[in-house]
Amino acid sequence: MDYYEKFALYYDDLMDDIDYENWFLYIEDIFSKFNLKPKNLLEMACGTGNLTYYLCNKGYKVTCFDRSSDMLSIAYNKLSSFRNVNILNQDMVNFRINKKFDAIVSICDSINYIVNEKELLRTFKNVYEHLENDGIFIFDINSYYKLSTVVGNNIFVEDREDIYYIWQNYFDEDNKFAHFYLTFFIKENDKFVRFDEEHLERAYQIEEIKSLLKCSGFDDIFCFEAFSFNKPEMESDRINFVAKKSFKG
Ligand SMILES: C[S@@+](CC[C@H](N)C(=O)[O-])C[C@H]1O[C@@H](n2cnc3c(N)ncnc32)[C@H](O)[C@@H]1O
């Protein structure tokens, strides 16, 4: 399925309610909580580079990748002034980078785009292989509750001056798939031009994720309600996971 193509051009405008600086600070809080001072970071599914920007700005050595070349071309422009970033076009499921990292991060429910357990397991094993001993893996998911109950089977409409967009969703209980049908009308030369994209996210229960992380070799696994260190609640909409690769010296 192709997505994040033309949408890439409008992604940053439509995500303007997300505070990426705060997200970056939360990730740094996690480093501190786990007594880590990582230097080499990998960001998977970096999209247009919004978190990457803050990571580079802080001086981390960052490698980032995404599967969408349209998202990456926005990221290239945003990050062009940094010398401490390496931007790649790769897939989370089978990426290969000839290097190990102190920390691997992926934010904003990118992991939900991996829609079957086999591929998610391959991803987690791959992450494990690319981590240094004592390395940390940080990512979040849209919760099962959010995908099935809050956004699934719902319609959202946003009416802005130059963009009108409709987000129609359908939750498939059997496959645990949230189908998002996005229709955009973009104002171009006094006319509204339409384009459509279909996105698919898979809803995972916390226990499923924990068990796949364990099967991938991670020993210490923690999960929190996102942007906090609290236990997730039944109605938490975003869950943040932290998985540590133990030192096996
Ligand atoms: C919701 S966006 C989040 C982007 C970015 N992390 C952010 O916080 O703005 C999801 C991103 O995941 C990327 N993506 C989805 N599946 C992927 C995969 N298998 N490998 C790499 N990137 C993927 C998409 O191209 C898109 O950029």
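**Around the ligand**

Mentor: Happy to! Let's begin with tyrosine 11, where an N or O atom of the side chain sits 2.7 Å from an oxygen atom of the ligand. Do keep in mind that this is a predicted model. Tyrosine 20 also brings in a polar side-chain atom, 2.7 Å from an oxygen atom of the ligand. Then look at aspartate 66: an N or O atom in its side chain is 2.6 Å from a ligand oxygen. How much of the ligand does the protein bury? On its own the ligand exposes 590 Å², and the protein buries 98% of that.

Now widen the view to the whole shell. The ligand is surrounded by 18 residues, and Tyr11, Tyr20, Ala45, Asp66 and Met92 are the closest. Sorted by class, the shell holds eleven nonpolar residues, four polar ones and three charged ones. Tyrosine counts as nonpolar in this sorting, although the side chains of tyrosine 11 and tyrosine 20 each place a polar atom 2.7 Å from a ligand oxygen.

Helix α2 covers residues 20–33, and its axis comes within 9 Å of the axis of helix α3, residues 50–57, with a crossing of roughly 55°. The α2 and α3 crossing is right-handed. So, back at the ligand, keep the side chains of tyrosine 11, tyrosine 20 and aspartate 66 in view as you turn the model.

How values were computed
Residues are numbered from 1 along each chain as its sequence is written. This is a predicted model: local features need pLDDT of at least 70, side-chain atom pairs count only at pLDDT 80 or more; totals for chains, interfaces and linings use all residues. Side-chain values use heavy atoms; hydrogens and water are left out. A residue is near a molecule or strand if one of its heavy atoms lies within 4 Å of it. A polar contact is a pair of N or O atoms within 3.5 Å; within protein, one must be able to donate a hydrogen and the other to accept it, and residues adjacent in sequence count only if both atoms are side-chain atoms. Accessible areas come from the Shrake-Rupley method with a 1.4 Å probe; for residues, only the protein chains shown count as cover. Axes are lines fitted to C-alpha atoms, for helices over the stretch in contact, and angles run from 0 to 180 degrees between N-to-C directions. Helices (H or I, at least four residues) and strands (E, at least two) are DSSP runs, numbered from the N terminus. A crossing is left-handed if the near helix is turned anticlockwise from the far one by less than a right angle, and right-handed if clockwise.
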